[in-house]
Amino acid sequence: MDQKLQELWGEVMEEKKQCKGCGGALPFLIGFVAAVIAGWVLFPNLLYSKKVQPVRFSHKVHQEQGMECASCHVFRDDGSYAGLPNNDKCMECHADVVGSDPAEKIYVEQYAQKGKEVPWLIYQNQPDNVFFSHKAHESFECKECHLEVGKMDTPPVYYENRLSGYSKQTMKMWQCERCHAENGVSNACHVCHK
Amino acid sequence: MGLDRRGFVKIVVGGVAGTLFTPVIWQSLDDVSIWSQNWPWIPRLNKGEVKAKAALSKLCPAGCAVKVKTVGGLPFAVVGNTANPMSKGGVCPVCAAGAQLMYSPARVKSPLKKVGEGKFEAIKWEDAEALLVEKLTALKGQNGKIAAINGDETGSAGEVISGLLAGLGNSGYYMMPGEKFVAEKGVKLMGGSGQPGFDIAGADLVLMIGADALDSWGTTVANQKAFAATRPTGAAATAKFVYAGPVLNHSAAVSDKFLPVPPQATAAFALGLANLLINAGAVSSASDFAEYKALAAKYTVEEVEKATGLKAESMKALVDLIKAAKSPVVIAGASFGQGAGALDFVAGASLNVLLGRVGSGMTLLPAAPKAVAGATSSDKDAASFLAEVATGKAAPGALIVYEANPAYALPQADDMAKTLGNIAFKVSFSTYMDETAALCDLILPAPHPYERFDDALNPYGVAKPTYLAGKPVVKKPVQDCKDPVDVLLGAASKLGLSLGFDTYADVIQAKAKALGADFDALAAGGIWTGEAKGGSLNLGASALAKVAVAKTDDKTLAVAPVSNQANGSATLATPPANLLTVRETELSGKDLIVQMNAATAKKAGVAEGNKVKLSAGKGELKARVHLNEGVAPGTVAVLLGFGRSAWDEFTKGKGDNVYKILTVSDEAGTGLKVWAGSTVTVAKV
């Protein structure tokens, strides 16, 4: 029995020696760092697919014409928010091609004149079970929640989450809750889930 | 330095530990939880501007002026149109389900051609229209070979259909049975002409004999609004309502008085009332008053009690109510909106003459101008026509069915369906896959009311000429459908006929113009009204001399079909939302419940909950018994609207169809086919 214990002890000590030989904590660190890099760099690229808007809409050009966000993104008479403008609004100026930008020609010929609405990709579309009132958040600057597209000549890339189907920029519930808490607004369920 | 097992394990452990400091696990868990809420079968909201658009909803027989609420252009709810003076913001329970019905799975999704028993294949519109033209071309010019059944009593579509038939050398244009057709016949028997109207809103006593005016007779929403106006909150009622009919139905339930009168005895009840009124001093300047007085004298309180079971005190109390009223009006009709004889109408209307209320309580509407020059009127209803087809007196080679469901909603329905099935070529213009469409060789999907132009002239019951019109609420139908009138106008053109219009919208605009109405104002939810014409009526005494009270014996009971508008109509199965309102005493599981009072049940040898078979003619109906003291003696009340064999999963196979056991008889002196007051034998099974 004693001899067997001694043999076993010997094997353990031998393994311990070999272990020192394979780097001590280094493999752990290698695995750790690799995982961190993969998690922060590779994972997002795998998780999101990249999409571009069907028409290269230049907010910059429109802003240079003296237009403001509210010129197109309007509140309706009943206080609801229209969100993205539809053809009726766009065609107030673009029923026909008025400039030299090829993107405008695409819009006019492929959408406006065919009576087809542009399937814009909405960066912050909320699920159906969320009731979000823009009117209640009117005092905030648009850019506090939305991408600041006002000075962009090309719309930002739309990152679609392959799992959830929502945009990368879609605000999560914890973000809503935090802002409500910070501003002393109720976080009761019924405030957002009607 | 080599990598041994221990080193590998260390890397893995390090990797796992490192992952905990990245979004991989936490974000994935979050996203998977969101993904799990996005199953493809979960309905998605249509986002966009919420609007309320005026529409004419003809899902119910009278038609409702409604506001359709849309989001992003798609309807999602219906509310009454407060700006419309007729409905005053009210909406009937069928039209209230209009948005849901637009997306119904029972809708015909594209033109269908029959390829076998119960089998259809989808075909293109051009092929469907070519087939229709081919069949009509082959029979053109042969009178009697092309026929049409129209289930829309108020629309100008009837003018186009009858005009097309006339142009093709055919006169076989038939309406589905309804109160209007019978009432116009009744007015003729009283020496007048035109559609009668009734001013419920202006009356201080409304006596409904059979007519279920607050649920299924006439313009029900307007009637209900008129009733409600007489019941101001916190103040005394300003008018009395009395219902005399076979069942304590919706009208009877809210009336001041309910007099149980079996369906076959309504004329006897009216004449008994006339007798008491004359005895109390009522006189009329009508030319046939003496004859009428002599006839009424035969309907003594004893005779009336024998026919109806009503005691003399009840009749006398009613006479007192009428005598005390300054502006009474009497409305007579079948308790379920069809099948009554013209004599039933005349007996009730004669009371208006006797009370001097013609021209005020009861009015006559002038003939309306026609939009289609060649349009004709129907001189026979679809039940009479199909009876002739069954006996070989009529032999059409092609039948056009427009917004009608004769295979379900005519007496002896199974026989009617069989007769229909034997016609060589049948085309149905229907929004839904109903029982008739399922029998047809060609089904051409009609748009839902929110997807089409339509109009309604003088819905039965209105006191003044009335016209409503509507235009589509949606830009594009949700199914591949075309307006039936547009299809028929196109077919007419290919057959070398010109009816003067290219589209139904043009027809309606012409109709509005002919009436002096502004189509745009109508389409925005407005209404056009004219003036009732003058003229007098006689008491119809010579016609009433032929009134016969059908006798029931111990073995038979009179059938009283009961309408509940929420359960749909002849052309519409119960909307899915309204199935929730069906009571345990109306449908239990898949068993229809029939109702009778305890004395009647005892006489028939049945008891509460018994399974029974009701038989008449070749028809049979299976049901369970529920005792209800609100049913007239010797009568079995059967709810309409069940026993569907087509439609959708929500309605198919539930209960049984009362039309199967209604039997047709000839009304003495008028030649009309009648089936109100049909009798059945009841047997326990």
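Trainee: What should I know about the numbering and the model first?
Mentor: Residues are numbered from 1 along each chain as its sequence is written, while chains are lettered from A and ligands numbered from 1 in the order in which they are written. The model is predicted: local features need pLDDT of at least 70, side-chain atom pairs count only at pLDDT 80 or more, and totals for chains, interfaces and linings use all residues.

Trainee: Moving on, which residues have the most contacts inside the largest nonpolar core?
Mentor: They are B:Leu271 and B:Val594, in a core of 232 residues. A nonpolar core is a set of buried Ala, Val, Leu, Ile, Met, Phe, Trp, Tyr and Cys residues joined through C-beta atoms within 7 Å. A residue is buried if 20 or more other C-beta atoms lie within 10 Å of its own, exposed if 12 or fewer, and partly exposed in between, with C-beta atoms placed from the backbone.

Trainee: What is B:Leu271 in contact with?
Mentor: Leaving aside neighbours within four places in sequence, B:Leu271 is in contact with B:Leu295, B:Ala296, B:Tyr299, B:Ala347, B:Leu544 and B:Val547.

Trainee: Could we turn to strand 6 of chain B; why is it largely enclosed?
Mentor: Five of the five residues of strand 6 (residues 146-150) of chain B are buried, so the rest of the structure largely encloses this strand. B:Ile146, B:Ala148 and B:Asn150 point one way, and B:Ala147 and B:Ile149 the other way.

Trainee: Which strands run beside it?
Mentor: Strand 14 (residues 398-402) of chain B runs parallel to strand 6, joined to it by five bridges, and B:Ile146 stands opposite B:Ala398. Strand 7 (residues 172-175) of chain B also pairs with strand 6 in the parallel sense, over four bridges, and there B:Ile149 stands opposite B:Tyr174. Two strands pair if DSSP finds at least two bridges between them.

Trainee: What about helix 16 of chain B, and why is it largely enclosed?
Mentor: Eight of the 11 residues of helix 16 (residues 484-494) of chain B are buried, so it is largely enclosed by the rest of the structure. Among the buried ones are B:Val487, B:Leu488 and B:Leu489. The buried residues pack against several elements of chain B, including helix 4 (125-139), strand 15 (425-430) and helix 17 (504-515). Helix 16 is followed by B:Gly496, whose phi is positive, near 80°.

Trainee: How many residues of helix 7 of chain B are buried?
Mentor: Seven of the 10 residues of helix 7 (residues 220-229) are buried. They pack against strand 2 (64-71) and strand 10 (240-245) of chain B.

Trainee: Last topic: where is B:Lys88?
Mentor: B:Lys88 lies in the loop between strand 3 (74-80) and helix 3 (98-102) of chain B. Its phi is near 45°, a positive value in a residue other than glycine. B:Lys88 is partly exposed, with 18 other C-beta atoms within 10 Å.

Trainee: And B:Gln412, is that buried or exposed?
Mentor: B:Gln412 counts as buried, with 25 C-beta neighbours inside 10 Å. Its phi, near 55°, is also positive in a residue other than glycine. B:Gln412 is placed in the loop between strand 14 and helix 15 (413-421) of chain B.

Note on methods:
Contact = placed C-beta atoms within 7 Å. Helix = DSSP H or I, 4+ residues; strand = E, 2+ residues; numbered from the N terminus.
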